[in-house]
Amino acid sequence: MLESIEHYAKEIDAETFFDGFSGTGIVSAFMRDKGYSVQGNDLNYSSYIYGSVFLRGFDPSVISQHLKVIANLPPISGWITSNYSGTRARQIRGTGGVVESRPLGYTVENAKIIDSAREYVHSITNISEEDRNALVFSIILAADKVFNNSNDQKSAFKVWSKQSLEKPLFAAPTLIKGPKGVQHIGDILNLKISSDVAYYDPPYTHGVLYASCYHLNDSIAKWDKPLLDDSYAIPRPEKVCFRKNKQKAGGFYNKESATVAFETILANSDCKRLIFSYSDAPRNTLSIEELVKICSKKGTVRVESRDHKICTQPKQMKKISEQLKEFFIIIDT
Ligand SMILES: C[S@@+](CC[C@H](N)C(=O)[O-])C[C@H]1O[C@@H](n2cnc3c(N)ncnc32)[C@H](O)[C@@H]1O
């Protein structure tokens, strides 16, 4: 999909690119590498870290020095170890109350290594924001590799996976070359966007609420040690327990609010070309036809599609379809 996105930007000789839902930062990184002047934005703090590292870079020699120190730190028991390590007895859903001891996110040994690395990065003085962000990114990547689940941070496998028994390894994030860019953090609905091209890859369904799915990345990024609700398979910060708090996620996650949200983005975008990514998965908030109809009010619309493998999940999870189409909706204003 990255090559297609660049192709759509090239078609109109764009120089500036806005990545409105930057997530992992991969699209921003790719476009910067191709020479575009990139701005990114996302609601989540961890995405702010990824985007900042990809768009502003870091000093590799500083990072390598600190990574050497981190590799030799004594493990300590801290916030991750207390809340996310070892096994815990809990009621297993759908069993009528059977209690079993199940693994949490990390082995105790690994959690202590991650705690020690994160406390060290928190304590460094005399470091640029770029370099600190790069070290935080490195810890998130290392922690993610040994987390006892392959897709999100809401649950863990029944037994320790092979990867979760490996030792966390801290490596420098990829250093991207190209014009320096800017990463924003916040609700896209509050931004006025001005760029040659804006690319929007919004959430498609309330089934993937990013703040709940990747809460640990956000907690490690921010290191604010939030209050947790322990009743979930993996403890979750209270502020992202939306259903329990009787809060609607709103925005792109709910049918009622999605149309207004898309209309707001379109109204706030002062761009030659807008590109939306969306799929035809049955549970999506809007159908592709509904989204195309909304976009048609802004300019000339072209729709292109790619066959895509459905999001890979463990076999035991019931998939509702085997494949899906990923669409690009390209709007020339
Ligand atoms: C489909 S993902 C984007 C993935 C991204 N293109 C990538 O390559 O990693 C959707 C993203 O939208 C973000 N998001 C959800 N609601 C938002 C909002 N109102 N404003 C800004 N970002 C939002 C989520 O945090 C998530 O990272």
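**Domains, core and ligand shell**

Mentor: Let us begin with the overall layout, keeping in mind that this is a predicted model. The domain assignment of the protein gives domain 1 as 1–57 + 180–209 + 249–333 and domain 2 as 58–175 + 214–224.

Trainee: How many residues does the contact take from domain 1 and from domain 2?

Mentor: Domain 1 puts 11 residues into the contact, and domain 2 puts in 16 residues. On the side of domain 1 that touches domain 2, the classes are five nonpolar, five polar and one charged. The centres of the two domains, taken over C-alpha atoms, are separated by 28 Å.

Trainee: OK, and the largest nonpolar core, which residues touch the most other members there?

Mentor: Those are F17, I139 and Y199, out of the 73 residues in the largest nonpolar core. Helix α7 gives this core its largest share, eight residues.

Trainee: Why does this core lie between domain 1 and domain 2?

Mentor: Both domain 1 (1–57 + 180–209 + 249–333) and domain 2 (58–175 + 214–224) give residues to this core, so it lies between them. As general background, nonpolar side chains in soluble globular proteins tend to be buried together.

Trainee: What does F17 touch?

Mentor: Not counting residues up to four places away in sequence, F17 touches A9, M31, Y36, V38, S195, D196, V197 and Y199. Y199, one of those partners, is also among the residues that touch the most other members of the core.

Trainee: M31 is on that list, and I see it sits in α2. Which residues of α2 are buried?

Mentor: They are V27, S28, A29, F30, M31 and R32. Because six of the eight residues of α2 are buried, this helix is largely enclosed by the rest of the structure. What covers the buried residues of α2 includes α1, β1, β2, α3 (45–56) and β6 (193–200). The helix is followed by G35, whose phi is positive, near 100°.

Trainee: Switching topic: which residues come nearest to the ligand?

Mentor: Of the 19 residues around the ligand, F21, G23, T24, D201 and Y210 come nearest. Helix α2 (26–33) and strand β2 (37–42) each supply at least two residues of the shell around the ligand, and by class that shell divides into 10 nonpolar, six polar and three charged residues.

Trainee: Let's go to α6. How many residues has it, and how far does it reach?

Mentor: Helix α6 (residues 108–123) has 16 residues and reaches 22 Å from its first C-alpha to its last, which is close to the 22 Å expected at 1.5 Å a residue. Its buried residues are N110, A111, K112, I113, I114, D115, A117, R118 and V121.

Trainee: And what do the buried residues of α6 pack against?

Mentor: They pack against four helices, namely α4 (60–71), α5 (79–84), α7 (129–145) and α9 (215–222). Helix α7 has come up already, as the source of the largest share of the core.

Trainee: Is Y253 buried or exposed?

Mentor: Y253 is buried, with 21 other C-beta atoms within 10 Å. Its place is in the loop between β8 (236–237) and α10 (255–268). Y253 touches P203, H206, L209 and T285, not counting residues up to four places away in sequence. Y253 and Y204 are 49 residues apart in sequence, yet 6.9 Å apart in space, C-alpha to C-alpha.

Trainee: Last one: where does T333 lie?

Mentor: T333 lies in the segment after β11 (323–332), and it counts as exposed, with 12 C-beta neighbours inside 10 Å. Leaving aside its neighbours within four places in sequence, T333 is in contact with C271, K272, L274, K298 and G299. The C-alpha atoms of T333 and K162, which are 171 residues apart along the chain, are separated by 50 Å.

How values were computed: Residues are numbered from 1 along each chain as its sequence is written. This is a predicted model: local features need pLDDT of at least 70, side-chain atom pairs count only at pLDDT 80 or more; totals for chains, interfaces and linings use all residues. The expected span of a helix is 1.5 Å times one less than its number of residues. A residue is buried if 20 or more other C-beta atoms lie within 10 Å of its own, exposed if 12 or fewer, and partly exposed in between; C-beta atoms are placed from the backbone. Two residues are in contact if their C-beta atoms, placed from the backbone, lie within 7 Å. A residue is near a molecule or strand if its C-beta atom, placed from the backbone, lies within 6 Å of it. Ala, Val, Leu, Ile, Met, Phe, Trp, Tyr, Cys and Pro count as nonpolar, Asp, Glu, Lys and Arg as charged, and the others, Gly among them, as polar. Domain bounds come from an automatic or database domain assignment. A nonpolar core is a set of buried Ala, Val, Leu, Ile, Met, Phe, Trp, Tyr and Cys residues joined through C-beta atoms within 7 Å.
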